[in-house]
Structures are given as structure tokens and as C-alpha cells.
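Subject: Structure handover

Hello,

Here is the structure I promised to pass on. Please open it first; my notes follow below.

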Amino acid sequence: MDENSAFDDPDEPSTSTGITRKRVSDGPEIVLGEKGEFPNFGHYMDAKVQKLMHQVHSNVTKKSDLFNGISIFVNGYTLPPAAELKKIVVENGGEYHHYYKLGRTTYMIAMNLAKSKLDSLRKEEIVVHPKWIMNSLQQGLLLPIHPYLLTKQLELTQNVLRTHANPETSASRFYERSRLHLISTLAQEMKEYIAELRSKMDTHEFVSRSKLCHLSGSKGDHSAFICHLDMDCFFVSIGLRMRPDLVGKPLVITHSRSASDHGKAEIASCSYEARKFNIKNGMWISDAYNLCPDLVCLPYQFEEYRASSKRLYSIVSKYTLDIKAVSCDEMYVDLSGLCEELQIGDVMGVVNEIRKEIFDELNCNASAGIGPNMLIARLATKKAKPNGQFMVTSSEVSNFIRPVAIKDLPGVGYSSLHKIKEAFGNMMTCEELQSVFCSTLQALFGTKLGAKVEIIV
Ligand SMILES: [Mg+2]
């Protein structure tokens, strides 16, 4: 498609705004000003980027999903050249960006960068050698980027820490803010990703459903179809992909390198081995070292979390789009439609296939709880972890919920526990809560938590 033919096919102008929307035949919509001009340079660039993206991704014969969720921008001379890297990435499920877009482009690909450019890199800009793409393609596996980083990102990170005047406070706050910001941004991104896939439902293909053929016609309980899917210590699992030598060791993800370094750094994620020492997420690193002096710390890998999260959602979307994204590593999946369409009764078999595919692609374990509703499914996940799946059918709900601690109910925090204690004395389990009239509980907690309680009693 040449430059001029891009705007051949105008839609109806929108008279109220004086803005014209034009569309490349079956391509992206471009917003123009009253006289067909671009309102400003930003709009011009957006339109140009959209058009280039369309050109890059149309007429591509897709070969695999290897680079799904990954977008690259090639900076300067590379071997192989940019055109070939573009072809490889796009043919294998990734995106090629003609312009680097902060927050959108996953990796900058380069063989060399000027020192001035290196010095001015923002921490989100990850520069990777093209060998990463070639070797990943050759092995048919998305390899860890660390050995291919052009810049020593981790060292840069530590330098930032060292240059802070008061590392224990300002650096901690900086990283804590970054972490929380990233986690909430990722959750939102995944919600938007699913919404985008749903908007293209007509053409969406559930390509992985073919893996469920053997389950067609299977028998099973038809009361539990809601699956709560949650990755096991997600950040740790991703960290271990780069450091398989640390598998089985008590380790945590934090920006701190040692207890003497920044004792007030928070732990973002801890391995099951670390949990055996009573180490928990959110704990200060100095306290964790007191519990386990051999504790190993790994740094954050923000961009790896983003790429892996998108791959996780992409895998599940190949089975169904009845997905409710909760966070970067946690979602609810309603399997009722899928099971009905494919005549499957064995829901556990479906969940097993999904978890297997997640592990095969991400090399991270996912656990799943299955139940008649989201609350029971989520509670069932606790029984499933680590690396398992657990189902509670309608007839089992009552027995299942009785021994569950009230404090473990989602949405029940300190304030609710305090209210229960004030009203009924020291109650510990749902069984004790069942002795209270539903209407009394609803009056105490309002309708939202009351509705949850109604499921329990
Ligand atoms: Mg998780």
C-alpha cells in the first residue's frame, strides 16, 4: 500500500465535532481535522504509527505464538537487519514498532548504543541484543533476556540505589511506589487486553480447544464451572527462569541485596521454601533475614512480568474469553460455555489442560480452584496450592466451608472481624458463623458482604 492510497476510503464525516474519520480499507481509523488535515503533530504521528502498524501486520502468515505479547523497536544497524527481525517477530505472534513507545514497546533491539544514549535510558527501556530473537526462534522457546541485555540493567538498578542519599527511606519508597504502580498498571492492562479480544469475538479463534477433544462426551458434576486461576509465587517463578540453580532455595523478590543493605525494603514475593521459615509477602527484608539467614534475594524484572502476564492471558483466551482479570497473575474463568459447547462434563480435565499449557509455555506453575461461584472457587485455590487444582461441587459447599477460618474469607478484614467479635464474641470458623441468622449478618455487614455470607450459611 503506498502513502496516498491510505486515505482512499472516507467514512461519513462527524459534523458535530468538525472531525473526519477516515479508514484505510479494512485498516485503522484515522482522525482528521475539519479540512482533512491532522489537528496537530501528535495526531499526525499517531496516525502514522497506526498506519505503519497496519502495514506491518497485514498480509502476514502467522507461524507461531512464540513472541506473543512482545513488541520490539529496532535501533540502528543490526544483524540480521531490522526488516528480517520484523518478519520473524511478526510471523511469530509479536509486534514490530517503527517508533519506540514508552510503556508499549517491550524491548529495544540493538547491537550498539552510544554512551550518551545509554546514559539517558529510562529504567523501562530494556535494550536486548538481536541474538535473543534469533536464538529463541532457533530453539522454538522464548529464552530469558538476561544473557542478551545490552545494558547491564540490574547493575544500573543497583547504582541508582547506591546514589540515593538515604537509601533506607528514599530508595525503598521509590521502589515500593514503582512496584505498586506496575502491579496496578498490569492488572488494568490485562483487563483491557481481554476487552479488546472480546470486541473481536467474531473473528477470534479458540485454537487450543482442539486439545480438549479427548474430553468431549465426558461425565462430571454440572454444578461447578467457575475456575479461579492463580500463578504460584509469580515473581519468584519468573526470577527462577533466569536462575535455575536457585530452585529449591528460600528466596524472595525485593529491591534489596542484603539485610545490611536496605533492611526496610519490602518483600514482593517469596518462594514456598522461604514460606517454611514463616516469611511472608510484605515483610521487611531485615525481619526475613532474622528468620532465615540463608535467604536469597532476587531483583524485580518488571518487563518480564508484563510479557509473561500477557502470555498467561493469551493462553487462557485460546480456550475461552469468559475471563475476569483480577491481577497480572490471577483471574476467574467461567468454563460453563466452553463445557456446554464441547459437551464436556470433566471440568477438572479442562483445567488440567490449561494449567499444563501455562507451564509448558511460561515454565511457571499455576494453581486452580473450581467451584459453583467465585467465592468458593477462590477458597478452593488455597487447597490447591502449590501447583494443584481443587474442586468443590454444590453438594460439597456446606462441608467445605464449615472449617474455613472467617479471617480467610475474601473481603473480611480487620474491621469485619472486629464487628463479629463485638456482636457475637470470639468466632473463628464459618461453621460458627452459620449459627447466626443470615438477616442478622446482613444487617451487620450490609448487602455486599451479606451476599457472600449468604453463600456460606
Ligand atoms: Mg499468585
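At what angle do helix 10 and helix 12 pack, and how far apart are their axes? Keep in mind that this is a predicted model. The angle is about 145°, and the axes lie 10 Å apart. Helix 10 covers residues 302–317, and helix 12 covers residues 347–362. The crossing is right-handed. On the helix 10 side, the contact is made by Ser308, Arg311, Leu312, Ile315 and Val316. Helix 12 contributes Ile354, Glu357, Ile358, Glu361 and Leu362. Six of these contact residues are nonpolar, one is polar and three are charged.

Strand 8 (residues 226–231) runs antiparallel to strand 13 (residues 330–334), with five bridges. There, Leu229 stands opposite Met331 of strand 13. Strand 12 and strand 13 are also paired in the antiparallel sense, over four bridges. Ile323 has Val333 in strand 13 as its bridge partner.

Now the interior. In soluble globular proteins, nonpolar side chains tend to be buried together. Here the largest nonpolar core has 70 residues. Which of its members touch the most others? They are Cys227, Val252, Val316, Val347, Val350, Ile370 and Ala380. Val316 also belongs to the contact between helix 10 and helix 12. Leaving out residues up to four places away in sequence, Ile370 touches Ala224, Ile226, Cys227, Val347, Met348, Val351, Ala377, Ala380, Gln389 and Met391. There is a second, separate core of 23 residues. Among its members are Tyr107, Ile133, Leu137 and Ala307.

One last stop is helix 2, residues 82–91. Its buried residues are Leu85, Lys86, Ile88 and Val89. Gly93 follows helix 2 and has a positive phi, near 90°.

Best wishes

Conventions. Residues numbered from 1 in each chain as written. Predicted model: local features only at pLDDT ≥ 70, side-chain atom pairs only at ≥ 80, totals over all residues. Axes fitted to C-alpha atoms, helices over the stretch in contact; angles between N-to-C directions. Helix = DSSP H or I, 4+ residues; strand = E, 2+ residues; numbered from the N terminus. Left-handed = near helix turned anticlockwise from the far one by under 90°. Contact = placed C-beta atoms within 7 Å. Nonpolar A, V, L, I, M, F, W, Y, C, P; charged D, E, K, R; others polar. Pairing = 2+ DSSP bridges. Core = buried A, V, L, I, M, F, W, Y, C linked by C-beta atoms within 7 Å. Buried ≥ 20, exposed ≤ 12 C-beta atoms within 10 Å, placed from the backbone.
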